[in-house]
Each structure stands twice: as structure tokens, then as C-alpha cells.
Amino acid sequence: MVSMLREALRPVVDLVYPPRCPLCGAGLAAQDGLCAYCWAELAIPGEPSCAKYQRPFGDGVPVGAICLPCLGDPPKHDGIAAGTLYNEASRKLVLAFKHGRRIALARLLAGLMAARLPPIEGQWMVVPVSLHRWRLWRRGFN
Ligand SMILES: [Zn+2]
Ligand SMILES: [Zn+2]
């Protein structure tokens with residue numbers, strides 16, 4: 001129902017707010033993406049990488065290896081899923097989402113993270129960390 005309404009209103013929203021790349025302002029075909037140039041600027045983690053923090057390794061390191069910093073100070077979790085490596089483009093993307101109120105980027109960001117999740121086995125629970133009520137009021141979304 002909500003997605004049908006969203007699709008029905010999309011032409012009106014696009015007319016009032018023409019889709020723009022959140023990083024450079026170039027025109028786009030849809031509200032929830034990046035232009036080809038900015039997309040290429042994102043550093044998507046790949047293999048081989050650290051099994052704990054997905055820090056990239058050079059070629060020849062076996063899958064499941066752990067980097068030196070993680071060996072020296074082991075994290076207290078089993079690992080993270082990084083949608084992108086930190087660089088200027090990813091920083092701008094997250095700031096556009098969190099502080100620029102570009103919540104249409106949620107689908108793109110979620111897709112980047114989901115692509116890096118390991119296969120889920122057994123029973124898992126994904127728990128969002130809620131904002132404090134004042135921060136929720138200021139930001140307008142959780
Ligand atoms: Zn762009
Ligand atoms: Zn590591």
C-alpha cells in the first residue's frame with residue numbers, strides 16, 4: 001500500500017524536487033542514487049580483507065585472516081559489515097543522509113551494507129539503536 005502510494009506520487013515529488021546527486025548536485029533519474037562519477041568515488045570493500053573490520057589486504061592473503069591492529073587489540077565483536085571504506089565520498093554520503101535529511105538514501109546505504117553481510121545461519125536479530133528523544137526530535141527520523 002505504502003509503496004503503491006510512493007510510486008503514484010513519484011512524478012509529483014520529482015517535479016517539485018528534481019532528483020540530484022547528494023554528493024555533487026548533478027541531475028539524476030531517481031531520488032535515491034548517486035551520479036556515475038560519485039558512485040565511482042565510493043570505495044567498496046572487497047576480498048581479501050580483515051575478517052573483523054574489513055580493512056583491505058593485499059593480494060594473496062587468505063579469506064578469514066585478521067589484520068595486525070585487530071590481532072594486537074582484538075575487537076569485542078565477531079565482525080562488522082562495512083558498506084564502503086571511509087573516504088571523502090562515503091563521508092559526504094553519510095552526512096547527506098544523517099544531517100542533510102536525504103532519507104531517500106536509506107535504501108542505497110542499506111543495500112551497500114546488506115551486500116557485505118555474511119550468509120545468515122541460525123537465529124539472528126538485527127536491533128536498531130534508537131536515538132535519544134531530543135536528538136530524534138532535532139533530526140526528525142531515527
Ligand atoms: Zn555526483
Ligand atoms: Zn582488522
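Biologist: Which helix is included in what covers the buried residues of helix 4?

Modeller: This is a predicted model in which local features need pLDDT of at least 70 and side-chain atom pairs count only at pLDDT 80 or more, while totals for chains, interfaces and linings use all residues. Residues are numbered from 1 along each chain as its sequence is written, chains are lettered from A and ligands numbered from 1 in the order in which they are written. Helices are DSSP runs (H or I, at least four residues; strands are E, at least two), numbered from the N terminus. Among what covers the buried residues of helix 4 is helix 2 (36–41).

Biologist: Which residues of helix 4 are buried?

Modeller: A residue is buried if 20 or more other C-beta atoms lie within 10 Å of its own, exposed if 12 or fewer, and partly exposed in between, with C-beta atoms placed from the backbone. In helix 4, which spans residues 88–98, the buried ones are Ala89, Ser90 and Leu93.

Biologist: Within what arc do these buried residues fall, seen down the axis of helix 4?

Modeller: The arc is that of the directions from the helix axis to the C-beta atoms. An α-helix has 3.6 residues a turn, so residues three or four places apart point the same way. On the other side of helix 4, Glu88 and Arg91 are exposed. The buried residues line one face of the helix because they fall within an arc of 95°.

Biologist: Which residues form the largest nonpolar core?

Modeller: A nonpolar core is a set of buried Ala, Val, Leu, Ile, Met, Phe, Trp, Tyr and Cys residues joined through C-beta atoms within 7 Å. The largest one has 5 residues, namely Leu23, Leu34, Ala89, Leu93 and Leu105.

Biologist: Is glutamine 54 buried or exposed?

Modeller: Glutamine 54 sits in the loop between helix 2 and helix 3. Its phi is near 60°, a positive value in a residue other than glycine. Because it has 20 C-beta neighbours inside 10 Å, glutamine 54 counts as buried.

Biologist: Is arginine 101 buried or exposed?

Modeller: Arginine 101 lies in the loop between helix 4 and helix 5 (106–116), and its phi is also a positive value near 60°. Because it has 12 C-beta neighbours inside 10 Å, arginine 101 counts as exposed.

Biologist: What is the radius of gyration of the protein?

Modeller: This radius is taken over C-alpha atoms, and the globule rule is 2.2 Å times the number of residues to the power 0.38. A compact globule of 142 residues would have a value near 14 Å, but the protein has 18 Å.

Note on methods: Contact = placed C-beta atoms within 7 Å.
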